[in-house]
Amino acid sequence: MDSIRSWRRYAWNLIAARLGDVISLVEEVTFRRMDERLGFYLNQADKFPLGRKTAITHQQIAAELGTSREVISRLLKDLEQQGIVELGRGWIRVLKPPM
């Protein structure tokens with residue numbers, strides 16, 4: 001690695017990018033509430049286009065956000081009561097942006 005400058009630069013850039021990702025994740029988990037994180041997650045138009053069903057389970061969302069299924073189910077039920085999402089077995093429809 002010492003003899004090839006471009007390889008050294010590539011390796012350090014890769015390490016810096018990964019470290020940045022880890023720091024961002026720790027910051028998000030530490031300082032943002034789960035309902036905010038879920039709202040941001042549901043605002044991703046490529047994953048959840050408004051008004052269209054998306055095949056995803058509460059367990060899959062929980063795994064992506066790093067929490068339990070029960071927490072996600074409770075928060076999604078609250079959003080359903082507010083008219084923001086519609087829930088079904090194995091699918092979610094975002095009716096209006098949560099944030």
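Buried residues are taken here as those under 20% relative accessible area, with exposed meaning over 50% and partly exposed anything in between (1.4 Å probe, protein chains only). The model is a predicted one, so local features need pLDDT of at least 70 and side-chain atom pairs count only at pLDDT 80 or more, while totals for chains, interfaces and linings use all residues. Residues are numbered from 1 along each chain as its sequence is written, and side-chain values use heavy atoms, leaving out hydrogens and water.

Helix α3 (residues 58-65) is a handy place to start; helices (H or I, at least four residues) and strands (E, at least two) are DSSP runs, numbered from the N terminus. Its buried residues are His58, Ile61, Ala62 and Leu65. Viewed down the axis of α3, they fall within an arc of 100 degrees, so they line one face of the helix; the arc is that of the directions from the helix axis to the C-beta atoms. The cover over these buried residues includes α2, α4 (69-81), β2 (85-88) and β3 (91-94). Contact, here and below, means heavy atoms within 4.5 Å. Leaving aside residues up to four places away in sequence, His58 touches Arg69, Ile72, Ser73, Leu76 and Leu87. His58 and Ile72 are 14 residues apart in sequence, yet 6.2 Å apart in space, C-alpha to C-alpha. After α3 comes Gly66, with a positive phi near 75 degrees.

As for its partner α2 (residues 34-42), the two helices pack at an angle of about 110 degrees, with axes 11 Å apart. Axes are lines fitted to C-alpha atoms, for helices over the stretch in contact, and angles run from 0 to 180 degrees between N-to-C directions. That makes α2 and α3 roughly perpendicular (65 to 115 degrees; under 35 is roughly parallel, over 145 roughly antiparallel, the rest oblique). Met34, Arg37, Leu38 and Tyr41 of α2 meet Ile61, Glu64 and Leu65 of α3.

Turning to the aromatics, the structure holds two pairs, where rings of Phe, Tyr and Trp (its six-membered ring) pair if their centres lie within 6.5 Å, and planes under 30 degrees apart count as stacked, over 60 as edge-to-face and the rest as tilted. Trp7 and Tyr10 have ring centres 5.5 Å apart and planes at 35 degrees, so this pair is tilted. Both sit in helix α1 (residues 5-31), three residues apart, or about one turn. Tyr41 and Phe48 pair edge-to-face, at 5.4 Å centre to centre with 65 degrees between the planes, and both are buried.
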